[in-house]
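Subject: Structure handover

Hello,

Here is the structure for your files.

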Amino acid sequence: MTNASGLLGTWPRPSPGPAVPTVPAGPQMDRMGNSSQGASQLFLTTALARGISGVFVWTALVLTCHQIYLHLRSYTVPNEQRYIIRLLFIVPIYAFDSWLSLLLLGGHQHYVYFASVRDCYEAFVIYSFLSLCFQYLGGESAIMAEIRGKPIRSSCIYGTCCLQGMSYSIGFLRFCKQATLQFCIVKPIMAAVTIVLQAFGKYHDGDFNIHSGYLYITLVYNVSVSLALYALFLFYLATRELLQPFEPVLKFFTIKAVIFLSFWQGMLLAILEKCGVIPEAQVIDGSKVGAGTLAAGYQNFIICIEMLFASIALRYAFTVQVYAEKESSPGTRAPPGVGVCRGPADGPRQPRLPLAAPHLCPALLHGPRGCQPHEQGDSPIGG
């Protein structure tokens, strides 16, 4: 054993091999040359997210464009259908705008400029919707002839408890109109201010710091949106019996949901980001994306999905069937200021005179030279 140990002790030991370089901690590279971050790749930048959103967006575009084509083909009541077509365009603009913002998600906040276009069209949609409601009812004078002097129902549920003892008047109607239309002015102005602040680095989504423009723009938006929503609701309460033949519930709900709920949906995502639910992340190109940008990205992805359901709801809310029926009946094209009455589903639908039109202008019934509630091409909202 001693000899054996001696032999082992004199056996030459192998020399240590070359030193292996130490790999610093960080993203590891896999066989395909992609970093290990790919395993935790941001969902919004994956082909799956872009594919899903693209399918929903293009389906919504096809459905809405087909509906617009049907209205143009049966363009029998221009005074109504021009506003309806403007309302329908909200789906293509919202959907395509949001999808482009999602595709360009990255270190540069391109989505701010796309969102500004969307904001401006929102204002136009609210104006068009209010104009359509006035058009249905024959204008401001016709509406007042029906509701003037009626008491306002006081209800805490409807938010009219502060109007107890008051009655409908021209002042009430104009408050509803002006409080709604202020949104049409505030929205484009705030969109322009956002672009300017973005250019000077003073605007970042989800940044509620007092030195950031996002806080103040959000406050202004909240006041404007809440006031417009309340005014539209008051207008609906005052005219819901008059609007009943036009099936207004789905119309009001769809337009309000697309514009107002999408705004508060964005607010909720910004709050979640502030609470840390939406953390900062690295996109594929390695540029760092802030949590505010991610919240806006999730908002755009959700809007892409929602627009398909909005296109279906709008298809039922602003059906073309009643106008197609008028086209198939020769000589029934409605004159300016005359709407189409949505009567019982099992009965024929006939041209409908503006409310109280015989009292306001009897000549309307007796010839083309009779006075009209408002001229074709003029806004039914009035001054």
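The notes below cover the cavities, then the aromatic contacts.

This is a predicted model, so local features need pLDDT of at least 70 and side-chain atom pairs pLDDT 80 or more, while totals for chains, interfaces and linings use all residues. Residues are numbered from 1 along each chain as its sequence is written, and side-chain values use heavy atoms, without hydrogens and water.

Cavities. A search of the whole structure gives three cavities of 30 Å³ or more. A cavity here is a set of points, on a 1 Å grid over the protein atoms alone, where a 1.4 Å probe fits but cannot get out; lining residues have an atom within 4 Å of a point. The largest cavity has a volume of about 550 Å³, taken as the space filled by probe spheres set on the points. Its lining has 30 residues, and Ala115, Arg118, Tyr203, Asp205 and Gln299 are the closest to its centre.

Aromatic contacts. There are 15 aromatic pairs, that is, rings of Phe, Tyr and Trp (its six-membered ring) with centres within 6.5 Å. Trp58 and Trp99 have ring centres 6.1 Å apart and planes at 85°, so this pair is edge-to-face (over 60 degrees). Ring pairs join Trp58, Phe96 and Trp99 into a cluster.

Charges over rings. The charged end of Arg118 sits over the ring of Tyr94, 5.5 Å from its centre; the criterion is NZ of Lys or CZ of Arg within 6 Å of the ring centre and within 35 degrees of the ring normal. Lys251 has its charged end over the ring of Phe318, 5.4 Å from the ring centre.

Regards

Key
Phe/Tyr/Trp six-rings, centres within 6.5 Å; stacked < 30°, edge-to-face > 60°. 1 Å grid on protein atoms, 1.4 Å probe; cavity = no way out; pocket = protein on both sides within 12 Å on 5 of 7 lines; lining within 4 Å.
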